[in-house]
Amino acid sequence: PAAARHSALRQVAGGFAFQLSNPKAIFFWIAIASVGALHTVSPAALLLFLAGAFAISFGGHAGWALLLSSAPFRRLYARARRGVETALGCFFALTALKLAAARP
């Protein structure tokens, strides 16, 4: 596979860059930060918040990466791929039609 040709560090750096450029992730963390009213918090609490947010995000993404790259999951997806992609294609096509037909 193409992914096997790249070093682990390069794959991690690519995933990190992808996350940094993901607007959904950026807006999520901005929303989380705004709830904490960062201007009124102590530097120690801010550091604890940032460390916790990093740990949660890193742990969650690492967990998904390990699960989705495992041999059993890859075999399961290989068998179900056609159905999954067909279902998603139909869903997105119907959603696009609904958006195109919607009146402002």
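User: Which residues make the nonpolar surface patch of about 960 Å²?
Analyst: This is a predicted model. Patch members need over 30% relative accessible area, and nonpolar side chains are joined within 5 Å. Under that rule the patch is made by W64, L67, L68, F73, L76, Y77, V84, L88, F91 and F92.

User: Which elements give two or more residues to the nonpolar patch, and which gives the most?
Analyst: Two helices give two or more residues: α3, spanning 43-68, and α4, spanning 71-101. The top contributor supplies seven residues. That helix is α4.

User: Is Y77 buried, partly exposed or exposed?
Analyst: Y77 sits in helix α4 and belongs to the nonpolar patch. Buried means under 20% relative accessible area, and exposed means over 50%. Y77 has 33%, so the residue is partly exposed.

User: How many Å separate the C-alpha atoms of Y77 and S21?
Analyst: Along the chain, Y77 and S21 are 56 residues apart. Y77 belongs to helix α4.

User: Where do R81 and E85 lie, and how many residues apart are they?
Analyst: Both R81 and E85 belong to helix α4. The spacing is about one turn of the helix.

User: What is the relative accessibility of A71, and how many Å lie between A71 and P23?
Analyst: A71 lies in helix α4. At 34% relative accessibility, A71 counts as partly exposed. A71 and P23 are 48 residues apart in sequence. C-alpha to C-alpha, the distance is 31 Å.

User: How many Å does helix α1 reach from its first C-alpha to its last?
Analyst: Helix α1 covers residues 8-20, which is 13 residues. At 1.5 Å a residue, the expected reach is 18 Å. The model comes close to that, with 18 Å.

User: Why does α1 lie largely in the open?
Analyst: Buried means under 20% relative accessible area. α1 lies largely in the open because, of its 13 residues, the number buried is zero.

User: How many Å separate the C-alpha atoms of A13 and C90?
Analyst: A13 is part of helix α1. A13 is partly exposed, with a relative accessible area of 44%. A13 and C90 are 77 residues apart along the chain. Their C-alpha atoms are separated by 33 Å.

User: How many Å separate the centres of domain 1 and domain 2?
Analyst: The protein chain is divided into domain 1, residues 1-69, and domain 2, residues 71-103. The centres are taken over C-alpha atoms. Their separation is 26 Å.

User: Which residues does UniProt list for "transmembrane region"?
Analyst: The entry is unreviewed. UniProt lists residues 25-41 and 47-71.

User: Over residues 47-71, what are the helix and strand percentages, and how many Å apart are the end C-alpha atoms?
Analyst: The chain there is 92% helix and 0% strand. Between the end C-alpha atoms the distance is 38 Å.

Definitions and conventions
Residues are numbered from 1 along each chain as its sequence is written. This is a predicted model: local features need pLDDT of at least 70, side-chain atom pairs count only at pLDDT 80 or more; totals for chains, interfaces and linings use all residues. Side-chain values use heavy atoms; hydrogens and water are left out. Patches are made of residues with over 30% relative accessible area and no salt bridge: like charges are joined within 9 Å, nonpolar side chains (Val, Leu, Ile, Met, Phe, Trp, Tyr) within 5 Å. Accessible areas come from the Shrake-Rupley method with a 1.4 Å probe; for residues, only the protein chains shown count as cover. A salt bridge is a side-chain nitrogen of Lys or Arg within 4 Å of a carboxyl oxygen of Asp or Glu. Helices (H or I, at least four residues) and strands (E, at least two) are DSSP runs, numbered from the N terminus. Buried means under 20% relative accessible area, exposed over 50%, partly exposed in between (1.4 Å probe, protein chains only). The expected span of a helix is 1.5 Å times one less than its number of residues. Domain bounds come from an automatic or database domain assignment. UniProt positions are given in the numbering used here, feature names are shortened, and annotations may be inferred rather than shown by experiment.
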